[in-house]
Amino acid sequence: MRPIIGITMGDAAGVGPEIIAKALADESTFKIGRPVVIGDAAIMERAVDITETELNVVAVSTVDECVFEPGTIEVIDMRLLTEGVAFGQVSEAAGNAAFRYVERAVELAKAKKINAICTAPLNKEAMQKAGHLYPGHTEILAELTGTTDFSMMLSAPNLKVIHLTTHVGLRKAIDTINPERTYKVISLAHETLAAAGNKQPKIAVCGINPHAGENGLFGEGEEEEKLVPAIEKARGEGIDVEGPYPADTLFFRAARGDFDIVVACYHDQGHVPIKVMGLEAGVNITVGLKGGIVRTSVDHGTAFDIAGKNIADERSLLAAYRDAVELAPK
């Protein structure tokens, strides 16, 4: 059975509704999954007009009302923006609505009405102006699901990367890494891919230092202290994990198929290989959320400068949608 993917509309003043309309005009989205938009039907109708896509917007109250037919955008209509919003402007109303769409998506995922969440971009300033004081989607999802241990996964064609640390300085990142965190992220990688149908995914852990320390030649033994105990523990539990391997060759090996996913130690180590593969193909994924909820997202922002002009590129959303279908628990 094709999974049901809840697509949150994002900030209505940005490009989210436009790229959703363009993505759902691609009939392949219906061949692999069953999409339902969580947002405002009136805003999606405006997006259909702007993008000149021949789509019929249908407002529904519940997922059970959906028929998931190509040529149709079914919207769980929250009717929060009935008066509309201006493009490219920070709006308290749009910020509040963007938060509420995510909130409803989590409720639906918890109730098993949708199998995964795919998010269009929100505007942090607008959301915080509305009183929702979160840095972004990840923190919202973590709080709404009661999750403390989670990780960022990035996906591009032929490469998946999951991170031990993300938005902290490099020195702090290295200090933060410990065997417990490394083991947890290895486990999250295994659990996420196994739930998606790859029962024994091949995982590789990237080294911290050049050449993964080269037996103590570089660094101060960080690999042996922070990574190796976790790798050995995970192996003892039957997880197929190897490393630590040097970063300068590992991502090439993973992209050619030697591994299903790489554990990166810090932000740029994992982000650079994904970005090199193409910004339009990158997908941001939150894994480890309680209840097995998977969330994928475009790897770009609201693009206020081009909103409403029908020039926004939907390829990142299509990639995020396909990853949501792939990673949805089977």
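**Figure 1. Polar contact between the side chains of threonine 119 and serine 297 in the predicted model.** The two side chains approach to 3.2 Å. Threonine 119 belongs to strand β5, which comprises residues 116-119. Because its relative accessibility is 0%, threonine 119 is classed as buried, the limit being under 20%. Beyond residues up to four places away in sequence, threonine 119 touches Thr8, His137, Arg295, Thr296, Ser297 and Val298.

**Figure 2. The twelve-stranded open sheet.** The strands follow the order β3-β4-β2-β1-β5-β12-β11-β6-β7-β10-β8-β9, with mixed pairing. From one strand to the next, the twist averages 25°. In general, the strands of a sheet pair through backbone hydrogen bonds, in either a parallel or an antiparallel manner.

**Figure 3. Pairing of strands β1 and β5, with helix α4 packed on the sheet.** Strand β1 (residues 4-8) runs parallel to β5, and four bridges join the two. Isoleucine 5 has alanine 116 of β5 as its bridge partner. Helix α4 touches β1, β2, β4 and β5, and its direction makes about 135° with that of β2.

**Figure 4. Strand β4 and its pairing with β2 and β3.** Strand β4 spans residues 72-77, and five of its six residues are buried. With β2 (residues 34-39), β4 pairs in the parallel sense over three bridges; here glycine 39 stands opposite aspartate 77 of β4. Strand β3 (residues 56-60) also runs parallel to β4, to which five bridges join it. Within this pairing, alanine 59 has valine 75 of β4 as its bridge partner.

**Figure 5. Helix α6 across strands β5, β11 and β12.** Helix α6 is formed by residues 137-145 and runs at about 165° to β12 (295-298). The helix also lies across β5 and β11, the latter covering residues 283-287. His137, which is within the range of α6, is one of the residues touched by threonine 119.

Figure 6. Apart from neighbours within four places in sequence, lysine 110 is in contact with Leu144, Thr145 and Ile293. Lysine 110 and alanine 204 lie 94 residues apart in sequence, and their C-alpha atoms are 31 Å apart in space.

How values were computed. Residues are numbered from 1 along each chain as its sequence is written. This is a predicted model: local features need pLDDT of at least 70, side-chain atom pairs count only at pLDDT 80 or more; totals for chains, interfaces and linings use all residues. Side-chain values use heavy atoms; hydrogens and water are left out. Buried means under 20% relative accessible area, exposed over 50%, partly exposed in between (1.4 Å probe, protein chains only). A polar contact is a pair of N or O atoms within 3.5 Å; within protein, one must be able to donate a hydrogen and the other to accept it, and residues adjacent in sequence count only if both atoms are side-chain atoms. Contact means heavy atoms within 4.5 Å. Two strands pair if DSSP finds at least two bridges between them. Axes are lines fitted to C-alpha atoms, for helices over the stretch in contact, and angles run from 0 to 180 degrees between N-to-C directions.
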